[in-house]
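Please consult the entry below while reading.

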Amino acid sequence: MSIKMPEPDQAVLARRDEIVAALRKIVPGEGVISSAAEMIPYESDGLMAYRQPPMVVVLPDTTKQVSQVLKYCHANGIRVVPRGSGTSLSGGALPLADGVLLGLGKFKRIREIDFDNRAVVVEPGVTNLAISQAVDHKGFYYAPDPSSQIACSIGGNIAENSGGVHCLKYGMTTNNVLGCEIVLITGEIIKVGGKTAETCGYDVMGIITGSEGLLGVITEVTVRILQKPETARALMVGFADVEAAGECVAQIIGAGIIPGGMEMMDKPAIHAAEAFVHAGYPLDVEALLIIELDGPGVEVDELISRVESIALSCGSTTCQISVSEKERLLFWAGRKAAFPAVGRISPDYLCMDGTIPRKQLPLVLRRMKEMSEKYGLGVANVFHAGDGNLHPLILYDANKPGEMDKAEAFGADILRLCVEVGGVLTGEHGVGIEKRDLMPEMFSEIDLNQQQRLKCAFDKDGLLNPGKVFPTLHRCAELGRVHVHGGKLAFPDIPRF
Ligand SMILES: Cc1cc2nc3c(=O)[nH]c(=O)nc-3n(C[C@H](O)[C@H](O)[C@H](O)COP(=O)(O)OP(=O)(O)OC[C@H]3O[C@@H](n4cnc5c(N)ncnc54)[C@H](O)[C@@H]3O)c2cc1C
């Protein structure tokens with residue numbers, strides 16, 4: 001593991017048997033897993049280059065059990081890593097050697113469907129897709145749609161503020177979550193938000209969304225559901241260069257049109273996806289845009305013709321418009337399967353996630369090509385073009401000595417470039433361990449200290465998911481008094497990863 005994690009607490013490890021026995025009393029039966037073989041599935045999340053067996057896995061079934069587990073861990077100074085479905089691509093659910101891995105997989109119940117208030121109350125282990133499936137019969141759905149929606153949990157979506165193809169028009173998770181129940185590390189249970197659109201006081205839901213398991217454990221979620229649009233049709237538009245495709249994206253948004261989704265793929269990604277799903281993608285183009293318009297039929301027809309003429313004015317070389325639902329889904333099939341498709345052309349790939357202002361797209365793609373030559377590694381680009389969220393997939397072979405280090409250095413350079421051009425380190429995958437050490441590229445020490453004070457307000461002993469998000473762990477009591485005088489670092493014993 002090339003990334004440095006907090007040193008395991010040997011005193012905690014020495015008490016492992018006693019800790020496991022105490023946890024078994026709280027979560028009886030199969031709810032505690034402690035054998036090395038049975039813990040293997042929990043060693044990593046979607047960022048599979050990093051693995052670490054936890055001290056013990058605990059799978060509670062009720063909020064009361066979560067509360068008792070956290071209370072026990074708090075009283076005994078034991079670290080806790082929450083986990084949903086384990087699909088995080090930034091290592092957010094990577095276990096700690098001396099920590100409890102707290103899996104929410106048994107929290108699978110849909111508690112209430114309230115069509116009158118357009119809200120659904122679910123447990124955090126319910127998958128993203130299951131929410132839409134539960135309300136489909138009345139023509140409703142839950143809008144944020146990560147490509148992993150068949151597997152990822154709604155609790156994980158909140159913790160990562162996940163996005164998807166339709167977030168350009170309908171907002172990210174943060175815009176679609178109304179409230180939740182959270183268990184604090186002390187075992188106390190708090191309720192945040194609710195079914196109403198307005199709340200009073202601080203926007204605590206906004207703080208919890210995207211908090212990556214560092215502030216509390218989510219045990220119940222209330223989400224907003226939307227009525228399905230009357231019609232949806234998609235255009236598949238090819239360009240001879242990525243600059244023209246980037247310009248087309250900017251002009252569509254500039255014309256006041258917000259498509260339901262607007263995605264771009266570059267040539268390597270187009271070829272990989274086409275070979276995998278045979279969606280009919282043109283192979284003689286450098287960039288492909290898939291643009292979906294949704295709403296009332298008449299409006300969609302009007303918008304399709306406006307988008308088609310904007311694309312033509314930007315130099316599109318091919319344009320196909322879906323004429324049936326089957327064809328619309330086929331256009332999307334390649335894009336949605338782009339990650340596994342790229343997995344077929346390279347033994348390994350690293351999926352990056354950065355966001356840039358839309359107009360910087362051509363420059364960033366050009367610089368990425370130069371980096372690809374410098375590192376001698378291929379890159380395929382798939383991205384949410386409408387909101388400037390890039391997903392470069394860096395191709396490498398972990399069996400070749402040094403290639404993984406090169407891929408990581410390449411990825412870090414891409415993220416630095418995103419920040420340099422006015423963007424941010426992550427669009428939707430979170431910071432986790434993957435981007436933790438790059439946080440100072442974006443935030444000053446003052447910024448980071450202030451963010452950690454917020455963490456301290458929820459978890460002053462730093463027991464919840466330590467080693468993630470923040471490159472330096474401060475003790476809460478010392479925050480604000482850490483200054484470097486004459487090159488001498490204060491509190492040298494504080495772990496700096
Ligand atoms: C093939 C593939 C495609 C993907 N596509 C997308 C995409 O299009 N858009 C996107 O945004 N992401 C995507 N992802 C990333 C991932 O699916 C999301 O980040 C997802 O939200 C993670 O949910 P999870 O349940 O798997 O969480 P986990 O991986 O288990 O955990 C993620 C983080 O959430 C915390 N956490 C989980 N549950 C809780 C809880 N109940 N309380 C507190 N903290 C919790 C964990 O501690 C961790 O920090 C993709 C991943 C894969 C593998």
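**Ligand shell and a helix pair**

Q: What makes a residue part of the ligand's surroundings, and how many residues surround the ligand?
A: A residue is near a molecule if its C-beta atom, placed from the backbone, lies within 6 Å of it. In this structure 36 residues surround the ligand, the closest being Gly 84, Gly 92, Gly 155, Gly 156 and Gly 213. This is a predicted model, in which local features need pLDDT of at least 70, side-chain atom pairs count only at pLDDT 80 or more, and totals for chains, interfaces and linings use all residues. Residues are numbered from 1 along each chain as its sequence is written.

Q: Which helix gives the most to the shell around the ligand?
A: Helix α6 does, with 5 residues. β3 (79-83), α6 (154-160) and β10 (217-224) each supply at least two. Helices (H or I, at least four residues) and strands (E, at least two) are DSSP runs, numbered from the N terminus.

Q: Why is α9 called oblique to α11?
A: The axes of α9 (residues 242-254) and α11 (residues 297-313) come within 9 Å and cross at roughly 140°. Axes are lines fitted to C-alpha atoms, for helices over the stretch in contact, and angles run from 0 to 180 degrees between N-to-C directions. Angles under 35 degrees count as roughly parallel, over 145 as roughly antiparallel, 65 to 115 as roughly perpendicular and the rest as oblique; therefore α9 is oblique to α11.

Q: Which residues of α9 and α11 meet?
A: Cys 248, Gln 251 and Ile 252 in α9 meet Val 307, Ile 310 and Ala 311 in α11 (C-beta atoms, placed from the backbone, within 7 Å).

Methods. Two residues are in contact if their C-beta atoms, placed from the backbone, lie within 7 Å.
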